[in-house]
Amino acid sequence: MIPVLEAVGIRKSFGGVRALRGVSLEVCAGEVHALVGENGAGKSTLIKIFAGALQPDEGEIRLEGTPIEHLTPAKSKSLGIAVIYQQPALFPDLTVSENIALAHEPPTAFRRIDWRKRNEHAATLLSRVGADMLPQAYVSSLSMPEQQLVEIAKAVDAEARLVIMDEPTASLGDRDAENLFRIVDELRKSGAAVIYISHRFEELFALANRVTVLRDGESMGTFPMAEMTNRDLVRLMVGREMEAVFPERNCTIGEPVLEVRHLTCVSRGVHDVSFVLRRGEVLGLAGLVGSGRTQFAETLFGLSRADGGSIAVGGKAVRIESPQQALALGLAYVPEDRRRHGVIMDFPVSMNTTLASLERVSRGGFLDFTAERRVAEEYRERFRVKAPSVDTPVRNLSGGNQQKVSLARWLMTEPRVLILDEPTQGIDIGAKHEIYMLIGELAARGIGIILISSELAEVLGMSDRIAVMHAGRVAGVLDRNHADAHTVMELALGHAAVGD
Amino acid sequence: MRKLLQREFAGFITLALFLIYLAFAAPSFYSLGNLRDIALANVSVLLISTGMTLVIVVAEIDISVGSLFAICGVCGGLLARGGLPIWMLPFAGIAIGSALGAANGGLVSFVKAPSIVVTLATMVAWREALNWATGGAWVENLPANFQWFGLGQAAGEAVLFSATAVLFLAILWASHNLPAFRSIYATGSDAEAARLAGINTKLVVFAAFVLVGALTGLASVLNAVRFSDVPANAGIGLELQSIAAVVVGGTPITGGRGRLMGTLIGVALLGIIGPALTYLQLSPYWEKAIQGGIILVTVLFDALASRAEKRPALA
């Protein structure tokens with residue numbers, strides 16, 4: 001049998017970063033082919049190449065045996081490749097049926113728009129994918145899962161030979177996810193090939209026929225899903241046993257450093273969040289994307305005004321209404337989306353490191369450049385920031401090193417509580433390991449750490465306790481010894497309300 | 001020195017080449033009197049451009065400085081005529097300018113209105129309010145000691161030059177050495193990141209507008225004392241002059257960077273073109289065209305330079 005899609009020796013570099021180092025992959029008709037790998041392993045780059053959005057530096061793509069040259073997005077679409085990205089790429093100010101028609105519409109006489117037919121067609125498609133919205137609804141009024149269904153309807157409409165789904169369940173609730181699995185199964189039965197990217201192993205075991213594992217831009221091989229275990233996949237993805245990735249931590253957990261009681265911020269969707277964080281403790285904050293973890297952190301840090309609840313730092317009741325107050329109380333927040341807000345791209349390493357504690361490198365109200373360089377140099381060495389010097393603009397550093405600079409900045413404020421929001425998102429496995437070591441060191445020095453992460457393995461591997469959020473509330477708090485991926489996922493999906 | 005000139009390099013080279021060319025083509029350009037006249041004419045532009053640099057660094061813009069200039073001049077004249085001690089005039093200018101700058105800054109940073117619209121509105125509103133109040137009449141019958149603060153021309157000029165130089169150098173020094181100025185650059189680079197780093201970004205933006213207002217007020221008074229009466233239509237086009245000087249000085253209009261040394265070079269470069277044309281016996285109509293050309297060249301240089309800077313990340 002000729003595979004629908006064959007990719008041979010695909011290489012792609014961005015500047016000096018080699019994203020793909022000779023990846024080969026074949027996907028057959030009637031197959032759901034799982035693609036797994038850590039963030040930054042090259043999954044997204046690979047599917048962007050299949051979608052024609054990126055050109056590979058080297059390698060060949062064959063569709064049903066025919067080599068394809070210079071794939072563009074339009075060509076990819078016309079060849080029957082449909083890509084459903086994590087973030088739906090729809091036109092928000094157009095209706096559902098217009099969005100579907102834009103992708104593909106049979107020609108009419110005089111190119112007239114037959115609105116009735118267009119809407120009817122959209123309605124049929126929507127019912128096929130199990131969506132109950134009106135074709136005339138504006139996309140901007142739809143929820144994320146609904147938009148995803150529109151994307152899937154587009155793929156179904158195009159009768160794609162190859163459907164690529166990039167983490168389609170990342171923002172879906174359970175019912176929507178099951179509906180999605182049904183559609184994927186239907187696509188497979190109709191003879192289409194499906195490339196399915198997900199971090200959720202359970203669904204891969206349920207859905208996929210084969211799996212290809214990527215690590216650091218290389219393929220670790222393709223295996224029948226039935227022959228794999230959870231452990232096998234993790235080992236292939238990270239290249240070492242889980243225990244080796246996360247540092248062993250045996251630190252004493254001290255008195256409470258932060259107590260949050262019934263914290264509520266209705267406008268940001270945070271409801272009645274309570275927990276206690278102790279000195280030297282890593283409290284994992286798990287939950288699906290959109291479960292309110294970041295919103296909670298921003299409320300705690302004074303970036304959004306809380307409507308109710310109380311906060312106590314070191315046993316004293318406090319009010320936090322601005323980041324300046326939070327800082328003064330010894331809170332530090334390393335935000336998500338480091339590329340945009342974690343560091344100041346125009347500033348060199350030194351100025352980024354000292355930005356939140358300029359008074360410590362000032363003398364008599366004036367900046368002391370020697371002191372600044374010395375301090376920045378200290379942190380650069382301690383955090384093993386790979387930069388030619390502290391004068392290098394952080395723009396020129398890799399993601400992992402930017403994250404280290406961001407961490408260094410907050411550490412310099414000598415916080416009592418450190419909130420880390422997705423600290424290892426999009427950085428390579430080596431840098432990740434270093435960040436984990438740092439988190440361990442900081443906890444050992446008595447800092448209370450709140451670790452927000454969407455990577456289950458990370459939360460499980462690093463936390464002493466795990467608070468799982470669902471729909472803006474804490475669905476449960478699990479002790480390290482009682483936490484496993486399954487329980488956390490159940491809580492995150494809102495299934496059960498177990499706690500300690 | 002290398003650090004000092006990085007981005008303002010284009011302006012600096014152009015200025016140097018132009019000055020060398022003038023030394024051969026029109027040596028009389030370098031007469032003391034001429035240089036003094038040029039400096040005198042550009043003192044207020046330099047003060048305003050200094051403030052404008054900071055506003056542009058925080059990624060905002062103020063196009064109302066021309067109107068602020070006119071108001072402060074007229075108010076200064078009226079206060080002098082009303083009996084305010086002459087030595088207090090510069091402080092009165094600073095106070096009025098700060099208040100008007102605070103109005104701009106408040107609307108921009110606390111009401112979150114876009115600065116180009118806010119200052120367009122205040123530019124028109126203040127100018128029209130002034131026209132309405134004065135009926136277009138100049139402030140005349142000023143006290144005898146109004147001109148040159150009653151010091152006489154030579155001493156007055158010395159005061160003018162030294163005050164401007166001291167102020168410029170102080171702000172230049174502060175921009176390197178004060179933590180507060182680093183907040184300005186951080187806010188301009190990435191306001192959200194700066195806010196997350198604990199910087200009160202609203203206050204920073206507000207302060208930049210107050211500062212440009214204060215400097216405009218001072219510039220206006222220092223300019224007014226050169227004449228025996230105060231025109232009601234002063235300062236037209238000052239906003240473009242100062243923005244142009246800032247941009248030619250290597251400060252990108254998108255904010256986040258820029259050095260005051262560059263702005264000084266920008267003011268000098270744009271300021272000598274007019275007088276130089278006279279000495280080169282060319283039509284003064286060329287002035288604007290050449291200034292426009294210089295702005296275009298520096299902006300192009302800037303675009304190329306920042307493209308080269310944004311190399312991909314190190315592996």
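Helix 3 of chain B bends by about 40 degrees at Asn42(B), where the bend at a residue is the angle between axes fitted to the seven residues ending there and the seven starting there. This is a predicted model, in which local features need pLDDT of at least 70 and side-chain atom pairs count only at pLDDT 80 or more, while totals for chains, interfaces and linings use all residues. Residues are numbered from 1 along each chain as its sequence is written, and chains are lettered from A and ligands numbered from 1 in the order in which they are written.

Helix 3 of chain B covers residues 32-57, and its 26 residues reach 35 Å from the first C-alpha to the last, close to the 38 Å expected at 1.5 Å a residue; the expected span is 1.5 Å times one less than the number of residues. Helices (H or I, at least four residues) and strands (E, at least two) are DSSP runs, numbered from the N terminus. After helix 3 of chain B comes Ala59(B), with a positive phi near 65 degrees.

| Helix 8 of chain B | Ser183(B), Ile184(B), Thr187(B) |
| Helix 10 of chain B | Thr201(B), Val204(B), Val205(B), Ala208(B) |

Between the two chains, the contact takes 29 residues from chain A and 23 residues from chain B. On the side of chain A, the largest share, 3 residues, comes from helix 11 of chain A, and by class this side has 17 nonpolar, 8 polar and 4 charged residues. Here Ala, Val, Leu, Ile, Met, Phe, Trp, Tyr, Cys and Pro count as nonpolar, Asp, Glu, Lys and Arg as charged, and the others, Gly among them, as polar.

Note on methods: Contact = placed C-beta atoms within 7 Å.
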